[in-house]
Amino acid sequence: MGNSIVAPNRRPSYALIAVDSDPTAEIGKVGGSQNVYVRELGLGLARRGCQVDIFTRREHPEQEEIVENSPGCRTIRLTAGPAKFIPRDELFEHLPAFVDAWWLFQLRSGRNYTLIHSNYWLSGWVGLRLKSHLGIPQVHTYHSVGVVKYQSMAKPPAIAVTRHLVETACLTSTDCAISTSPQEVADLRQLISDRGRVRVIPYAINTSHFGSIARTVAREHLKIATDEKLILYVGRFDRRKGIETLIKACATLTKPFRLYLVGGDRTSEEECQERQRIQDLVTELGLEDATVFVGQVAQTELPFYYAAANVCVIPSDYEPFGLVALEAMAAGTPVIASIVGGLKYTVIHRETGMLIPPNEPTALAAAITEVFDDPWQWEAYGQAGRQWVRDNFSAAEIVAEIHSLYQSLTLAESVQSACDTQKLNPSLKLVSRFIE
Ligand code: UDP
């Protein structure tokens, strides 16, 4: 056959677009889980023999343009707008420059990408532009959906309308959208469009990284007494995360406890404001002695905090996925989480912890009291959570699922273009019908 539909022995080359989330950056800043997702996906695909370039925006003049993350996986930092941190809501105007820089890089490197995977709506816009010129498939992961996020805001930002239009196009004009939870699919269908293809593929984590430390070892490492009742929060300081609910719940507990609040990017004005608000509340409710503001913790150290805790609380008002729940469960720590967003599907009520209504300090206090009163039961929840995460959210399996999606889409595209150029060879026509 003159025109081979799939080039044999050629390493597939994928372009992951993550304008606002440098996978090599410190995790725990804005959209922390997105950085983890993109990084784990890039590394995992490279382990499967693919070539992966992760395109992000340069945020500092001294940042290198190309970073080799692992053999086969690179981070490429493109210059688009000033080389400094720009809040997400102000990035849209720099996207045309990002696309131009992408073309220049592609010309220089000569790499032919077979598929684009965009992450978050800003990269979705970039991906749609590239797709329309290159004619290659695009996969899009939302990470969060604007209309859902803005529902709870009295005054949505000025960019909300643009975001909605782009998120609609990401659903209707890409080859497949990936949703990380069934709740997100329902939101997309109800609030955006019933057109377009969506697959549910959850976030994944490196289960061995989070699941290898015993509680005694972790407590020794962190210098926490063995008999202390430790409640853990991990995440950004953002109103949506519901830290206020947790503080109010803790103020009503009758038994002694220690509350560790991990996270808080000191370079972010918004996070500093929220942290101050929480600190004021802690003082007002007389919890200073019981509360430790740990600050941002590196991913290498985080497993110690999860392993040391008696319970990890995720009190969010809304949570598109909630990676922290998986990390805690992987460490064998039971979870109390709000029954919202992705948490509804990752935490199993009364099997790996408890799901409670958001924004209800009394319900949260009752659940924490149970952890203290019935430690054996909660220990069992922790062990069940560890197994649940290993069985369902391990990075190797989730990456394999995404890779197989890429393969089916690139094959469908190859068949389609071969059909177009070969005036519809009947056997190819048959194949193309079965690919979808
Ligand atoms: N994280 C971290 N250090 C911190 C706080 C958070 O590495 O001090 C990481 C955490 O391990 C998780 C991510 O940030 O991987 C937060 O993800 P999640 O889905 O819970 O929330 P998001 O920030 O994406 O809204």
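This is a short tour of a predicted model, moving from its annotated spans to the ligand and then to a hairpin.

Residues are numbered from 1 along each chain as its sequence is written, and side-chain values use heavy atoms, without hydrogens and water. Local features need pLDDT of at least 70 and side-chain atom pairs pLDDT 80 or more, while totals for chains, interfaces and linings use all residues.

**Annotated spans**

Select residues 34-203, which an unreviewed UniProt entry annotates as "domain: Glycosyltransferase subfamily 4-like N-terminal". Such annotations use the numbering given here, with shortened feature names, and may be inferred rather than shown by experiment. The end C-alpha atoms of 34-203 lie 9 Å apart, and the span is 43% helix and 20% strand. Helices (H or I, at least four residues) and strands (E, at least two) are DSSP runs numbered from the N terminus.

Next select 218-388, annotated in the unreviewed UniProt entry as "domain: Glycosyl transferase family". Here the end C-alpha atoms are 22 Å apart, with 44% helix and 16% strand.

**The ligand**

Show the 22 residues around the ligand, meaning those with a heavy atom within 4 Å of it. Ser33, Arg236, Val297, Gln299 and Glu327 come nearest. By class, the shell has 9 nonpolar, 8 polar (Gly counted here) and 5 charged (Asp, Glu, Lys, Arg) residues.

Now zoom in on the polar contacts, pairs of N or O atoms within 3.5 Å. A polar side-chain atom of Ser33 is 2.4 Å from a ligand oxygen. At Val297, a polar backbone atom lies 2.8 Å from a ligand nitrogen. An N or O atom in the Gln299 side chain is 2.9 Å from a ligand oxygen. Of the 540 Å² of accessible area that the ligand has on its own, the protein covers 96% (Shrake-Rupley method, 1.4 Å probe).

Colour helix 1 (32-47), helix 11 (302-308) and helix 12 (323-330): each supplies at least two shell residues.

**A hairpin**

Finally, select strand 3 (residues 66-70) and strand 4 (residues 73-78), which run antiparallel and are joined by 4 bridges; pairing requires at least two DSSP bridges. Glu68 stands opposite Arg74 of strand 4. Between the strands are 2 residues, and Gly72 in this hairpin takes a positive phi near 100 degrees.

Note on methods. A polar contact is a pair of N or O atoms within 3.5 Å; within protein, one must be able to donate a hydrogen and the other to accept it, and residues adjacent in sequence count only if both atoms are side-chain atoms.
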